There are 2 protein chains.
Amino acid sequence: MITIKEIAKMANVSSTTVSRVLNNSGYVSDPVRQRILNVIKETGYVPSEHAKSLRTKKTKVIGVVLPRMGTETSSRLINGMSEELAKHEYQILLANTNLEREKEIVYLRLLKSRQVDGIVLLATNINEELLSEIKQLNIPFVAVGQDIPGVSTVVNDDYHAAKEIIKLFVEKGHSKIAFIGVDESDRSVGYLRKQGYLDAMEDYKLPVEKEWVQKGIFNIESGYEAMKRIMEKSFIAPTAVFAVTDRLAVGAMRYLKENGYSIPQEMALVGIGASELSMYVTPSLTTIDFLYERAGKEVASLILQQISGKDTGQKKIQLNYRLLVRDSI
Amino acid sequence: MITIKEIAKMANVSSTTVSRVLNNSGYVSDPVRQRILNVIKETGYVPSEHAKSLRTKKTKVIGVVLPRMGTETSSRLINGMSEELAKHEYQILLANTNLEREKEIVYLRLLKSRQVDGIVLLATNINEELLSEIKQLNIPFVAVGQDIPGVSTVVNDDYHAAKEIIKLFVEKGHSKIAFIGVDESDRSVGYLRKQGYLDAMEDYKLPVEKEWVQKGIFNIESGYEAMKRIMEKSFIAPTAVFAVTDRLAVGAMRYLKENGYSIPQEMALVGIGASELSMYVTPSLTTIDFLYERAGKEVASLILQQISGKDTGQKKIQLNYRLLVRDSI
DNA sequence: CTGAAAGCGCTTACAG
DNA sequence: CTGAAAGCGCTTACAG
């Protein structure tokens, strides 16, 4: 590794001066600047960011803790973020927990030890330990996807999105509406979407049979199983199903098709997520698009604000959604 | 930021000793070690990786330059990589070019300036400038997806995968086989897959009508258009189509369905990629699964080997694929 | 078993 | 307009 000192020697100046041309700070005469620039080009010298960070206390890196790569949600979010961050010459240091919950805390610490300028957490759930870790982190921080008390967050409006779906069903004439959810320890997807469903049903004074409310995990197969339970166990068969994710909905759809139910005539179906899949299954799935790229940009702006110290305290941003009405209803 | 010095003072020892317990190196008496450990826990002290890197010249970070987040390919690759890297406590510093080609070089330099221990490039194409940049990078480096001369690479066996598909068609009794490709400046997807098609056709002494060979870009819409051109312009209609990506195949499928062709009876269809989509379109798409998670792990191992100096020079790894025969053929 | 000191590669007052 | 020197937070010979 070539250093600033060597460049200085080669250009017959002090490292101070080299530093000045590197950072465009202070005065440097034109001939000297040219000389230095030439040496830099010839040698292909790149200054060490570590030494720089050590002095300046800035790294231009944002740490991102995420549960899993490759879900459309995280991909879209990260795309949005990295686009916005790139404008300000920030980069992303990834910490992929691969759904191992304990790793969240480990990685938060690791990122801090790397002196990242800020941390973004794509949160799937919240627990006491995580919360207290976040508190004592004491660096710019934004949580996405879950509303964590005391910190800035960007969340979807899960509750109203769910209500909107029930409203759509009712407008289409449905009154027997089943529900496929996930565990409520996931506050956004599990709890809030379910609450939206239950509250909307109550608003419309519609009964909810116990068997209509089933739970899966985040994959297609469990949607299939949940739908199966609904159809096999219900005393009164529903005419519509709201699944809290597209994958669950697609699983439900597969069960229905395999068993000869026509969609949407015999059973209407709605998911959430606007996954690519939802558009290409047959019939195409009615779903809700949360604007994740947009969310990513918001997150980037938030954290950048905190870093620059312009932040006026804790912010809660709730993003809009779009209802995509397609053939499954 | 609390530093090692302050810890030392609080524990009434020198920073040397603190460093020793931090790194489990050298001798430290048990009582002293306990005292230091306690102070560290109380204060929540985390050592600065920058200062560390500056001294040790190691960062435990691998830079990854990728064209776009969120394609299944890159997601699966990164998942594979990050899993393997995590085992060795390495992290990933992301540089997302968002398909802007000039950024590749910019990011390679940036990553180097961040003293990453190695760089992985998910390459979409190669040009002279990029090549010479890679040459003078002079740090552990692995390219994925394109065979770049002079460096270690992990690539799919695009050529034989394409041949395999034609073989499958022939076995099913087809002889009039059309092709939807992409621009040949993409050596793997564009050139090699096309070459595989052409060579296989020649091997079987099958004619290739000029109109049967069409080109799209990497999206569904262009597959639709390409299929349309094939059907409208061909003097002799094909009975089978090989599209070089699943998205192109899905587009082609949509055109065929809209225009009343039954699949696979009137037209057989095969893609490449094993995208989630391919499984859930109707009919399900026959495709080739390149083992991307596996590729990610291989890449991680390769770069780790280079870093540890155990590398025995340039390596070329060609990954296996699986043919997934489904309903579209 | 423990510590003083040098040094990693930068930046930044300060002095001239 | 330019440079000498201190210092960022660590680690590591070296000495005791």
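User: Which helix does S222(A) lie in?
Analyst: S222(A) sits in helix α10 of chain A, residues 220-233. Helices (H or I, at least four residues) and strands (E, at least two) are DSSP runs, numbered from the N terminus. Heads-up: this is a predicted model, where local features need pLDDT of at least 70 and side-chain atom pairs count only at pLDDT 80 or more, while totals for chains, interfaces and linings use all residues. Residues are numbered from 1 along each chain as its sequence is written, chains are lettered from A and ligands numbered from 1 in the order in which they are written, and side-chain values use heavy atoms, leaving out hydrogens and water.

User: Is S222(A) buried or exposed?
Analyst: Buried, because its relative accessibility is 12%. The cut-offs are under 20% relative accessible area for buried, over 50% for exposed and partly exposed in between, with a 1.4 Å probe and protein chains only.

User: And what is S222(A) in contact with?
Analyst: Leaving aside neighbours within four places in sequence, S222(A) is in contact with G216(A), I217(A) and L248(A). Contact means heavy atoms within 4.5 Å.

User: Which strands does α10(A) lie across?
Analyst: β6, β7 and β8 of chain A, and α10(A) runs at about 145° to β6(A). Axes here are lines fitted to C-alpha atoms, for helices over the stretch in contact, and angles run from 0 to 180 degrees between N-to-C directions. Helix α11 (residues 246-258) of chain A also packs on the sheet, touching β6, β8 and β9 of chain A, and makes about 160° with the direction of β9(A).

User: What order do the strands of that open sheet have in chain A?
Analyst: β7-β6-β8-β9, 4 strands with parallel pairing. Strands pair if DSSP finds at least two bridges between them. The edge strands are β7 (213-215) and β9 (268-270) of chain A.

User: How many bridges join β6 to β8 in chain A?
Analyst: There are 4, and F179(A) has F242(A) as its bridge partner in β8(A).

User: Switching to chain B: what is the strand order of the open sheet?
Analyst: Also 4 strands, β7-β6-β8-β9, paired parallel. On average, neighbouring strands are turned by 20° against each other, direction ignored.

User: Back to chain A. At what angle do the axes of α1 and α3 cross?
Analyst: Roughly 125°, with the axes of α1 (residues 4-11) and α3 (residues 30-43) of chain A coming within 9 Å. So α1(A) is oblique to α3(A); angles under 35 degrees count as roughly parallel, over 145 as roughly antiparallel, 65 to 115 as roughly perpendicular and the rest as oblique.
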